[in-house]
Amino acid sequence: MTARQVTIEDVARTAGVSRQTVSNALNAPQRLRATTLARVTAAIEELGYQPDQSARSLRTGTRRVIGYPAPADNPADPNPLMGGFLQALVSAADAVGHRVLLFRCDPQRGAGAVAKSFNGLIAARQVDGFVLSDVVHDDPRVDALTEAAFPFVAFGRTAPGRPQNWVDIDSAAATAELVGLLLAQGHRRICYVNSAASLPWLADRRAGFLRAAAAAPGGAFEVGVPGDDPAALSHAVERLLTGPDRPTALVCASDWLALSAYQAVRAAGLTVGTDVAVTGFNDLPLCTLLQPALTSVRLPLSGIAHALVDRLISAVEGTATAPATGLLLPAEPVVRASTPDR
């Protein structure tokens, strides 16, 4: 018997249950006892049964498809963080029998173009809901979906007055934890290498630094340059490191900024990890390739994706028991040789 020939009745007969029980196993497994669910699942795997998704869609009015507007990226220099999030999202959706539909929606093209991108998919009933990422304040994608009254969840906090069905990491707490680590290692003068970009998650990281670094006995300060020009930033940090009362630790708003910090430390005739500690944020693959390896903050991408998918399905199915609220997840500092114990 091939997978194409297998019917739900075949599964029911093999498992020794009713057709409705098999349907419950596929659509509402929480209704079944664990032993019954295991028996039906074993029969499905043994026979290679594939549910008829088109028939299910007609019955339930859902497509079991999640729309994801892929962030604009350069194929020749892709963003590894958001590439990792996409993989996590696809896995989280697959775990509950959903697929992810990628499409282009560029907020820079204006509110009208954004609404058109979403409304075309909604009108064609191609998706059940949307997952947004890189959400910023006054995000036109959030406004378009709120106006359409269509289910969506956001990776990143939405502004007050908008739906609060989001998941985010606690960037402020993670940055404060890095500062606490440096203070515990004996650092007394700590500098924050800031980004010129006006993004909410960067503002949270800066706030976390300022809160925690207030305890630094020798003082805490910031450095940054317009446009985040790597050469200019490296020169600015170098001047600090060769001046009086130089910092002994640099907390960078991102791993990319940490690259400029490494260059500045070496240009000043100092050694990363020995004379100056350096930390980053996002834990990109480059962290382990640097010498010494960079201490950074790892985002729980899998946990974020699963939480987003769970929240979206609850919104689509109307099973939420309370108004949607945001969910903050902790991020994990990964300590490496760039911040050795003093």
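Predicted model: local features only at pLDDT ≥ 70, side-chain atom pairs only at ≥ 80, totals over all residues.

Reader: Where is Asp283, and is Asp283 buried or exposed?

Author: Asp283 lies in the loop between strand E9 (277–279) and H12. Its phi is also positive, about 55°, and Asp283 is not a glycine. Buried means under 20%, and Asp283 has a relative accessible area of 15%, so Asp283 is buried.

Reader: What kind of peptide bond joins Gln291 and Pro292?

Author: A cis peptide bond, with omega at about -5°. Pro292 is part of the loop between helix H12 (286–289) and strand E10 (296–298).

Reader: Let us turn to helices. How do you know that the length of H3 agrees with what a helix should span?

Author: H3 covers residues 34–47, which is 14 residues. The expected span is 1.5 Å times one less than the number of residues. For H3 that gives 20 Å, and the end C-alpha atoms are 20 Å apart, so the two agree.

Reader: Which residues of H3 are buried, and why are they said to be on the same side?

Author: The buried ones are Thr36, Val40, Ala43, Ile44 and Leu47. They cover an arc of only 100° around the axis, and that is why they are placed on the same side of H3. As background, an α-helix has 3.6 residues a turn, so residues three or four places apart point the same way. On the other side of H3, Ala34, Thr35, Glu45 and Glu46 are exposed. After H3 comes Gly48, with a positive phi near 70°.

Reader: What makes the buried residues of H7 line one face?

Author: In helix H7 (residues 140–148), the buried residues are Arg141, Val142, Ala144 and Leu145. Seen down the axis, they fall within an arc of 165°, so they line one face of H7. Among the elements covering them are strand E1 (65–69), helix H6 (111–123), strand E3 (129–132) and strand E4 (152–155). Just after H7, Ala149 has a positive phi of about 55°.

Reader: How does the reach of H10 compare with the expected value?

Author: Helix H10 (residues 230–241) has 12 residues and reaches 16 Å from its first C-alpha to its last, close to the 16 Å expected. Its buried residues are Leu233, Ser234, Ala236, Val237 and Leu241. Their arc is only 160° around the axis, which puts them on the same side of H10. Their cover includes strand E6 (190–193), strand E7 (220–223), strand E8 (249–252) and helix H11 (255–267).

Reader: How do H8 and H9 cross, and in which hand?

Author: The axes of helix H8 (residues 171–184) and helix H9 (residues 200–213) come within 7 Å and cross at roughly 35°. The crossing is right-handed. From H8, the contact residues include Ala172, Ala176, Val179 and Leu183; from H9, they include Trp201, Arg205, Phe209 and Ala212. The residues of this contact divide into nine nonpolar, three polar and three charged.

Reader: And what does the whole chain look like in numbers?

Author: The protein chain has 13 helices and 12 strands. Its C-alpha atoms fill a box of roughly 80 × 45 × 40 Å along the principal axes. Buried residues make up 46% of the 342 residues. Of the contacts with a separation of 6 or more, 69% are between residues 24 or more positions apart.

Definitions and conventions. Residues numbered from 1 in each chain as written. Heavy atoms only, no water. Axes fitted to C-alpha atoms, helices over the stretch in contact; angles between N-to-C directions. Helix = DSSP H or I, 4+ residues; strand = E, 2+ residues; numbered from the N terminus. Left-handed = near helix turned anticlockwise from the far one by under 90°. Contact = heavy atoms within 4.5 Å. Nonpolar A, V, L, I, M, F, W, Y, C, P; charged D, E, K, R; others polar. Buried < 20%, exposed > 50% of the residue type's maximum accessible area, 1.4 Å probe, protein only. Arc of directions from axis to C-beta.
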